[in-house]
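Here's a quick briefing to read with the model open in your viewer. It goes topic by topic, with the cut-offs given as they come up.

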Amino acid sequence: MDVLIRPGRLSGTVTPPPSKSMAHRLIIAAALAAGESGITNVALSKDIEATLRCMETLGCRWQRTGEASIRIRGRRGEVSSPLPLMDCGESGSTLRFLIPVALAVAGGGSFTGHGRLMERPQKPYFDLFDEKGVFHECKNGVLTLRGRLTPGEYRLPGNVSSQFFTGLLYALSLLEEPSSIISTTALESADYVTMTIQALAAAGVEAAQTAPGVFTVRPGPYRPFEREVEADWSQAGFWYAAMALGSQLELQGLNPASAQGDMVVASHYHRLTAPGDVEIDLSACPDLLPPLAVMAAARQGKTEFTGGARLRIKESDRLSTVAALLHSLGIEAVEHPDGLTVTGGTLTGGTVDGANDHRIVMAAAIAATAAGGSVKILGAEAVRKSYPDFFEVFKRLGGDMDVL
């Protein structure tokens with residue numbers, strides 16, 4: 001669908017949606033437990049549905065027990081070997097978390113996905129699999145794996161994605177002896193690994209960071225649990241951007257002591273609402289670029305975003321698509337290999353290609369609230385990937401829009 005948004009500030013109270021990152025992790029932990037677990041405050045976005053669908057392949061069963069509650073009965077022992085084809089949708093978390101899990105529980109399996117998912121790099125896994133004697137082949141959009149993981153030491157680079165560390169923590173906890181994971185580079189987005197350790201702890205699994213970039217994990221068993229998913233600081237970034245552009249919003253439900261690395265958006269918001277040149281390192285919070293770039297577009301001064309090379313392998317090449325978004329609305333943005341320079345100015349109306357990227361669509365919608373004319377967003381349905389009711393919330397807060 002396409003939407004047309006007319007300028008106008010938002011106002012009211014908003015609670016960001018549940019953390020997709022934590023929901024993925026709790027669902028996997030519950031599916032590996034012997035018994036029934038309950039998870040509340042879950043938004044069934046496309047990515048979360050992908051993880052639930054794949055965990056059913058592992059033998060778990062789940063059901064909705066309320067508008068935002070699910071119960072999961074883990075059946076780890078009831079799986080075929082190797083696992084049948086698992087469709088991960090467009091969810092990079094689902095794919096990378098479950099690749100090593102499939103090896104641990106069933107000696108392999110096959111995975112597919114949509115959009116750009118199967119183009120995302122898996123080299124850290126593949127290098128490990130070559131070392132450990134695990135067969136892997138990606139052909140015609142299907143990744144096939146055969147082999148078993150064994151306890152021991154796993155060394156891989158930490159500057160590609162922390163998702164590889166999460167997948168290994170889940171998988172190695174299913175083996176018969178303790179194991180360790182060592183980052184051979186500085187580990188980027190390390191807070192996401194902390195979230196994984198918290199999810200494992202909820203299921204009674206012991207994992208810890210014993211030194212910078214070094215993690216140890218002991219075998220399960222996973223135990224059932226009851227948990228609530230906290231609100232998502234990453235999605236809160238879009239509402240912070242709306243406030244930076246003049247909307248009067250009150251954000252509720254966010255945990256100020258969260259392990260989510262994207263809670264840094266609060267401090268970046270304060271920096272970007274003051275004039276002058278600013279530099280922001282995205283290496284620990286790459287998903288924040290779209291809302292931060294919108295804040296940068298409407299301020300006095302230049303904003304230099306660095307450390308964002310990984311953004312080129314998201315749902316879109318986000319360095320390119322964020323630059324294109326800003327250009328479409330009259331803002332100067334210069335793209336670099338690992339970053340973006342944004343010169344603040346006056347937002348205009350225009351047409352923005354959503355690029356099949358939920359974060360580009362939401363960033364464009366927020367930018368439209370302070371634009372000089374109407375903004376048309378193409379492919380706005382992409383928000384269903386992570387924030388299915390984004391436009392309903394947008395309208396409730398006073399957003400003036402039409403679905404075309």
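The expected span of a helix is taken as 1.5 Å times one less than its number of residues, while helices (H or I, at least four residues) and strands (E, at least two) are DSSP runs numbered from the N terminus. This is a predicted model, so local features need pLDDT of at least 70, side-chain atom pairs count only at pLDDT 80 or more, and totals for chains, interfaces and linings use all residues. Residues are numbered from 1 along each chain as its sequence is written, and side-chain values use heavy atoms, with hydrogens and water left out.

**Helix α2 and its surroundings**

- Helix α2 covers residues 46–57, and its 12 residues reach 17 Å from first C-alpha to last, close to the 16 Å expected at 1.5 Å a residue.
- Its buried residues (buried means under 20% relative accessible area, exposed over 50%, partly exposed in between, with a 1.4 Å probe and protein chains only) are D47, I48, A50, T51, L52, C54 and M55.
- The cover over those buried residues includes α1 (20–31), β4 (61–66), β5 (69–74), β6 (85–87) and α3 (92–106).
- After α2 comes G59, which has a positive phi near 105°.
- K20 belongs to helix α1 and is buried, with a relative accessible area of 14%.
- Setting aside residues up to four places away in sequence, K20 is in contact (heavy atoms within 4.5 Å) with S45, D47, I48, D232, K385 and S386.

**Nonpolar cores**

- A nonpolar core here is a set of buried Ala, Val, Leu, Ile, Met, Phe, Trp, Tyr and Cys residues joined through side-chain atoms within 4.5 Å.
- The largest one has 73 residues, of which I39, I72, F111, F129, L169, Y170 and Y222 touch the most other members.
- Helix α3 gives the most to this core, with 10 residues.
- Apart from this core lies another, of 70 residues, with L288, A323, L326 and A363 among them.
- I39 touches L26, I27, A30, A68, S69, I70, I72, F225, R227 and V229, not counting residues up to four places away in sequence.
- A106 sits in helix α3 and counts as buried at 1% relative accessibility.
- A106 and P82 are 24 residues apart in sequence, yet their C-alpha atoms are 5.2 Å apart in space.
- In helix α9 (residues 289–297), 9 of the 9 residues are buried, so the helix is largely enclosed by the rest of the structure.

**Strands around β19**

- Strand β19 (residues 339–343) has 4 of its 5 residues buried, so it is largely enclosed by the rest of the structure.
- Strand β17 (residues 302–306) runs antiparallel to β19 and is joined to it by 4 bridges; strands count as paired if DSSP finds at least two bridges between them.
- In that pairing, K302 stands opposite T343.
- Strand β18 (residues 332–336) also pairs with β19 in the antiparallel sense, over 5 bridges, and H336 has G339 as its bridge partner.
- The hairpin from β18 to β19 goes through 2 residues.

**Strands around β13**

- Strand β11 (residues 179–183) pairs antiparallel with β13 over 4 bridges, with S179 opposite V217.
- Strand β12 (residues 207–211) is antiparallel to β13 too, joined by 4 bridges, and A211 has V214 as its bridge partner.
- β12 and β13 form a hairpin with 2 residues between them, and G213 in the turn has a positive phi of about 75°.

**Rings and charges**

- Aromatic pairs are rings of Phe, Tyr and Trp (its six-membered ring) with centres within 6.5 Å; planes under 30 degrees apart are stacked, over 60 edge-to-face, and the rest tilted.
- Searching the whole structure turns up 11 aromatic pairs.
- W233 and Y240 have ring centres 6.5 Å apart and planes at 15°, so this pair is stacked; both residues are buried.
- W239, Y387, F390, F391 and F394 make up one aromatic cluster.
- A charge sits over a ring if NZ of Lys or CZ of Arg is within 6 Å of the ring centre and within 35 degrees of the ring normal.
- The charged end of K132 sits over the ring of Y154, 4.2 Å from its centre.
- R146 lies over the face of F135, at 4.1 Å from the ring centre.
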